[in-house]
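Please read the following note beside the sequence and the model.

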Amino acid sequence: MSILIINIKQLLQVHDSNVTIVKGDAMKNLPIIENAYVYINHDTIIEYGKMEDYRPIEADTVIDATGKIVLPSWCDSHTHVVYAGDRTSEFVDRINGLSYAEIANKGGGILNSAKKLQDTSEDDLFEQSIKRLNELIAMGSGAVEIKTGYGLTTEAELKMLRVIKRIKQESLAKIIPTLLAAHAIPEEFKSKKQDYIKYITEELIPQAAKLNITHYVDVFCEEGYFDIKDTEAILEAGKKHNLRPKIHVNQFNILGGIALGVKHNALSVDHLEELNDDDIEALKGSDTISVALPGCSYFISIPYTPARKIIDAGLPLAIATDYNPGTAPSGNMNFVVSAACVKLKLTPEEAINAATINGAYAMGISNMYGSITRGKKANLIITKPMNHYSEIPYAFAHNPIEQVIINGQLL
Ligand SMILES: [Zn+2]
């Protein structure tokens, strides 16, 4: 199966050499070819260039993209797509003035999702979750990280991992599973948190690692959840099983989770709505990327990640949806790219870099995803006709996408 796309108005994020991350000022640069073609065979980008240099290539499918933009599909490096039911009642509570903490204290929040998930069969959970994933793919996401974390027991967490594995096998999209080993403290452990940490480090993590489905471990490092000491114990337990950290930090409070993540060579530190100069210093010179989640800030009305501070310090930034039933029930990366421009003050070029190549980096897959590069996987978005790629973030809440190609297949 080969696909040739011709007469592309703008082909975005084109790199002849295999760039795997863009940092700081370099994020302002989005390499493009005007009036371009791209040729893919099976699941791989084979060739691209200017139409004036185009020499006829035989292809099974030819797409005339006159007036349209082609770019790498979105790389959503932070989601909780696998969950059961929804939390619409909490949505109304929040409208009526309750805070995240108040909702959690009355049995809502993560514990609410955990109970629903524990009571849902593996097949049902799979059906609900793959439906959501397919919606994300239609909205342009071609690589998606999926976390566990609504299990809270070993049994339920292993169920989540098996569901993610099944999604990975059945979906064309690239799926990166993450073990969110410590997401909340179950009711029965409320007064004995240390026992729960022991359970996570000595039982949950070893058993989850044995399934060999994930390479990443995550912790919700936050006041009332897991403090620095807890987080370090969990990251160390993960390390014993070759699980690299990708952690939730600095959403509501600064506990020092960023420096801890860097110390443990975290691939990503996510959220960062609260951020100080020490955090920025800790990130400098590390291999850890910051991930902003503006959909979450929007939905629960908390501050937005000070992304300018991160990029202007010369650091890389990725953006992701945080798709989850409680704090960001949307997996639409087009909205996230727009919110990154409007609320995080990223330029369209920075936002697209953050949502493609840097999103791929935050999943450890940017050697094969996130740019138009010969030999990389053919995951592409073909937009509706538009004058310039800036219309993608500009026309917020519109759907800019006409077609997607995932793993070389036109959907
Ligand atoms: Zn999250």
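1. A crossing is called left-handed if the near helix is turned anticlockwise from the far one by less than a right angle, and right-handed if clockwise. Helices (H or I, at least four residues) are DSSP runs numbered from the N terminus. By this convention, α12 passes α13 in a right-handed crossing.

2. The model is predicted: local features need pLDDT of at least 70, side-chain atom pairs count only at pLDDT 80 or more, and totals for chains, interfaces and linings use all residues. Residues are numbered from 1 along each chain as its sequence is written, and side-chain values use heavy atoms, with hydrogens and water left out.

3. Helix α12 (residues 333-342) and helix α13 (residues 348-355) have axes that come within 9 Å and cross at roughly 140°. Axes are lines fitted to C-alpha atoms, for helices over the stretch in contact, and angles run from 0 to 180 degrees between N-to-C directions. The pair is therefore oblique; angles under 35 degrees count as roughly parallel, over 145 as roughly antiparallel, 65 to 115 as roughly perpendicular and the rest as oblique. M333, V337, A340 and C341 of α12 make the contact (heavy atoms within 4.5 Å) with P348, A351, I352 and A355 of α13. By class, the contact of α12 with α13 has eight nonpolar, no polar and no charged residues. Here Ala, Val, Leu, Ile, Met, Phe, Trp, Tyr, Cys and Pro count as nonpolar, Asp, Glu, Lys and Arg as charged, and the others, Gly among them, as polar.

4. Helix α4 (residues 122-138) packs on helix α5 (residues 154-170) at an angle of about 50°, the axes being 10 Å apart. These two helices are therefore oblique to each other. Residues in the contact include E122, D123 and E127 of α4 and K159, R162 and R166 of α5. The class count for α4 with α5 is six nonpolar, one polar and seven charged residues.

5. The axes of helix α6 (residues 193-210) and helix α7 (residues 228-240) cross at roughly 10° and come within 9 Å, so α6 and α7 are roughly parallel. Their crossing is right-handed.

6. The zinc ion is coordinated by H78 (NE2), H80 (NE2), H248 (NE2) and D322 (OD), at 2.1 to 2.3 Å. Donors are N, O and S atoms within 2.8 Å of the metal (3.2 Å for Na, K and Ca); water is not among the atoms, so sites may look incomplete. Along the chain, the donors follow the spacing H-x1-H-x167-H-x73-D.
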